[in-house]
Structures are given as C-alpha cells and as structure tokens.
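Here is a short note for a colleague who is new to this entry. Please keep the sequence and the model open while reading.

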Amino acid sequence: MEGVSRLRIRQYLLKNYRAGQVLLMDGVGSATQISTGDFRFKSSTFRADRGKNSYVLVTTGNRIGQARIVSTTNPTNGTLDVNPAFTGSAFVANDEFEWSWLADSESINDAINAGLSRYFYLERVPIMGVADQEEYDLASLPWLTQKRQVTGLWHYELQTPSNADDGNESPWTGYGRWWGIRQDTESVKLLIYPTIAITKTIWLEAYRPLPSIYTDSSILPSIANLELCAALAYDELIAHLTRPGQMGSSEDRKAWQRERLLHQPRLLRLMKA
C-alpha cells in the first residue's frame, strides 16, 4: 500500500512510541486464541500473562478488522487468549495482527483523526469568474471555516482561456485591484474589485486541514508526512489517557500528563519542518 494511510499511521505509532507491536501468526490459533512465533513475544523469559487486558486487532486474512481484549497470555507457547471469540473462517499462517498495550484500536483511530484536524497545509483553489460579481460564496469549500485560514489571492496577468497559467503569477493587489474576506454565520465569502470576466480564473490560497480517514485503506493527500501524522495522533492519544474516566489511577494520568509535556518538543520540531 503506497501513501500515508490510517493503517500506516497507526502501526507507525505503535512501533515508534512503544505503544504496541505488529506481529504475524503461525497459523495454529483458534477462535479464542492467537498464536505467534515472533521472538518479541514468544519467549520463556517473559512472565505468564504478560499483556493481560491489552488489545489485539487483526489486520489481514479472514478475520480482518476484528478487535478483541487479551484475557490471558502464555509467552512460552506464544499464545494470547482473547475475549470475546473471533468469528468467521480460521486464521492461517502469516495473518497479521496488532498488539496494543496502550489503547484499543478505535481510540487510536479517533486520535488519528483528531490529530489530522490539526495538520494544515497550503492549498490553492481556482475561482472561476462570474460576470459583474464582486462577492463569491465559498460554501463549496467545507474545510474553509475561518477567514484567518485565507493567506492570499493570485492571478496571471497574461492568462488566456486556453491556458490558465500563461504569464507570470501576481498577487491580486495594486493597480486598483482589491480583495477581502468576510465571514458570516454559515460560510466564508471572498470580496474582489474590480469584477472579473467569466474567462478568467483567480486562485485563492488558504490553509487546509487534512481530511479525516475512516478505513485502514484510506489514503491521505500526498502532502501528508507520516511521522507528523503519527506524532499528532500520539499527542491526542495521550490527552485521551489523561482524562478522568479512563482506566488506571490518578497517578497513571499524571504520568501521561508528564509524557505529553515531554512529547511537545518533538511535535513542535515536526510541525516547523
């Protein structure tokens, strides 16, 4: 799978923030048990029930997408018992699963989307001319919710109907030209002067957040950086773990609050890169 997908973000987070592991099955499991020969789990050096009450998510094979809670483990045998039982056809060798000891997959997926809503990139949108019109409703751009997202308006001096990029790019200011942004309760509006012909295109420049993704195979725009997507998701996940009502003690929540503070320098570095 090419591009930055939800699956890649989640698995990058598990690996690089030590929140879990991606493992392959050896094909011996059952409806209530996963079996793996991976040395990172299957070893007599680990204690029994290591990872009890953690989470697994099947990511390939007949039972793809099924998430379960780990009830018991036997590292010596390389087995994790789960509850409730899996459904559908049996596992086969090399089926992949994620083992997460930080949070369940749904919480991580929610954190991914919360992080993406904070990831902005510069977008240019063509605005086709309408004869004698000085105000353009931008409601067709649902991601444009605040006028402060708009950074500029551009045009091409020598533009022709057959080639919108003919000539040199120039800002839509000076020589009697003016533009502004107005925001009402329902949408953002572009104001321009003078009006432009229906044969002319102007380009609105604005900061656009990355879209939410709801399946593991969903691919983000090519501008997305995997490392930053994962860092934002981890930040949101830590925030989730610090809120009252989560499993763990008040000391656990304090530990996650400290971890979030320690994560900030890395996150800021990635956001400025």
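1. Helices α1 and α3 are roughly perpendicular to each other. That class covers angles of 65 to 115 degrees; under 35 degrees counts as roughly parallel, over 145 as roughly antiparallel, and the rest as oblique. For α1 and α3 the angle is about 65°, and the axes lie 9 Å apart. Axes are lines fitted to C-alpha atoms, for helices over the stretch in contact, with angles from 0 to 180 degrees between N-to-C directions. The crossing of α1 and α3 is right-handed; that is, the near helix is turned clockwise from the far one by less than a right angle, and left-handed is the anticlockwise case. From α1 the contact uses Arg8, Ile9, Tyr12 and Leu13. From α3 it uses Leu226, Glu227, Cys229, Ala230, Ala233, Tyr234 and Leu237. Contact means heavy atoms within 4.5 Å. Nine of these residues are nonpolar, two are charged and none is polar. Here Ala, Val, Leu, Ile, Met, Phe, Trp, Tyr, Cys and Pro count as nonpolar, Asp, Glu, Lys and Arg as charged, and the others, Gly among them, as polar.

2. **Ground rules.** This is a predicted model: local features need pLDDT of at least 70, side-chain atom pairs count only at pLDDT 80 or more, and totals for chains, interfaces and linings use all residues. Residues are numbered from 1 along each chain as its sequence is written, and side-chain values use heavy atoms, with hydrogens and water left out. Helices (H or I, at least four residues) and strands (E, at least two) are DSSP runs, numbered from the N terminus.

3. The axes of α3 and α4 come within 9 Å and cross at roughly 160°. That makes the two helices roughly antiparallel. Their crossing is left-handed. On the α3 side the contact includes Leu228, Leu232, Asp235 and Ile238. On the α4 side it includes Trp256, Arg260, His263 and Leu267. The contact residues of α3 and α4 split into 11 nonpolar, four polar and seven charged.

4. **How enclosed is α1?** Eight of the 11 residues of α1 are buried, so this helix is largely enclosed by the rest of the structure. Buried means under 20% relative accessible area, exposed over 50%, and partly exposed in between (1.4 Å probe, protein chains only). The buried set is Arg6, Leu7, Ile9, Arg10, Gln11, Tyr12, Leu13 and Leu14. Their cover includes the strands β1 (20-24), β3 (55-58) and β6 (96-100), along with α2, α3 and α4. After α1 comes Arg18, with a positive phi near 50°.

5. **The cores.** A nonpolar core is a set of buried Ala, Val, Leu, Ile, Met, Phe, Trp, Tyr and Cys residues joined through side-chain atoms within 4.5 Å. In the largest one, with 32 residues, Ile9, Leu210, Leu220 and Cys229 touch the most other members. Helices α1 (6-16), α2 (105-116), α3 (226-242) and α4 (250-272) each supply at least two residues of this core. The biggest contributor is α3, with 11 residues. Leaving out residues up to four places away in sequence, Ile9 touches Val4, Ile112, Ile213, Leu220, Leu226, Cys229 and Ala230. A second, separate core has 18 residues, among them Ile127, Leu153, Ile181 and Ile192.

6. **Ala239.** This residue sits in helix α3. Ala239 is buried, at 5% relative accessible area. Ala239 and Trp203 are 36 residues apart in sequence and 38 Å apart in space, C-alpha to C-alpha.

7. **Backbone points to check.** Most residues other than glycine have a negative phi, and most peptide bonds are trans. Asn83 and Pro84 are joined by a cis peptide bond, with omega about -5°. Pro84 lies in the loop between β5 (79-83) and β6. The bond from Tyr193 to Pro194 is cis too, with omega near -5°. Pro194 is in the loop between β12 (188-193) and β13 (201-209).

8. **Two asparagines.** Asn53 has a positive phi, near 75°. It lies in the loop between β2 (33-35) and β3. At 47% relative accessibility, Asn53 is partly exposed. Asn94 also has a positive phi, about 75°. Its place is in the loop between β5 and β6. At 55% relative accessibility, Asn94 is exposed.
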